[in-house]
Amino acid sequence: MPQCKKDGCREPALPTGKRYCVSHMAEYLRKQKEYAAVSATLRCCASCGTKLTKTGHDRGDLYCASCVQRYEARQVEIEKSSSFETVETVDDLKQWIRRYMLWPNKKFTSRWSVWWAL
Ligand SMILES: [Zn+2]
Ligand SMILES: [Zn+2]
């Protein structure tokens, strides 16, 4: 008989399901239900419709992490090409290289979702 997989629990696991004993299985189901209830109240990403994480929701994010990431990458590309057009001097060029070639992944703000919503 396999043991309950909960740390420190020596009860035999139920033959079906998640390898929990009777009481831990009940706890698992209760938590799952709580999670489903919370999950139902979470906003969806305004771009792709994926449910936001609890943290993102509580923070007031409008977009999921992967949309923010995609958006951010696109913004960097846009900014990169448009700022190159303004390069006039060698110093400008140096600065441009420093900004876009040396640290291409440097983030310029951590509050993208708010910024994006404007
Ligand atoms: Zn148990
Ligand atoms: Zn999304």
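Author: Both W96 and Y100 are buried, a term that stands for under 20% relative accessible area with a 1.4 Å probe and protein chains only. This is a predicted model, in which local features need pLDDT of at least 70, side-chain atom pairs count only at pLDDT 80 or more, and totals for chains, interfaces and linings use all residues. Residues are numbered from 1 along each chain as its sequence is written, chains are lettered from A and ligands numbered from 1 in the order in which they are written, and side-chain values use heavy atoms, with hydrogens and water left out.

Reader: How do W96 and Y100 pair: stacked, edge-to-face or tilted?

Author: Rings of Phe, Tyr and Trp (its six-membered ring) pair if their centres lie within 6.5 Å; planes under 30 degrees apart count as stacked, over 60 as edge-to-face and the rest as tilted. For W96 and Y100 the centres are 5.5 Å apart and the planes at 45°. The aromatic pair is therefore tilted.

Reader: Which arrangement do the four donor atoms around the zinc ion (ligand 1) have?

Author: Donors are N, O and S atoms within 2.8 Å of the metal (3.2 Å for Na, K and Ca); water is not among the atoms, so sites may look incomplete. Here C4 (SG), C9 (SG), C21 (SG) and H24 (ND1) coordinate the zinc ion at 1.9 to 2.3 Å. Four donors count as tetrahedral if all angles lie between 85 and 135 degrees. Because the angles at this zinc ion are 105 to 116°, the arrangement is tetrahedral.

Reader: Is C21 buried or exposed?

Author: The relative accessible area of C21 is 3%. Since the limit for this class is under 20%, C21 is buried.

Conventions: Tetrahedral: all angles 85-135°; square planar, octahedral: opposite > 155°, others 65-115°. Buried < 20%, exposed > 50% of the residue type's maximum accessible area, 1.4 Å probe, protein only.
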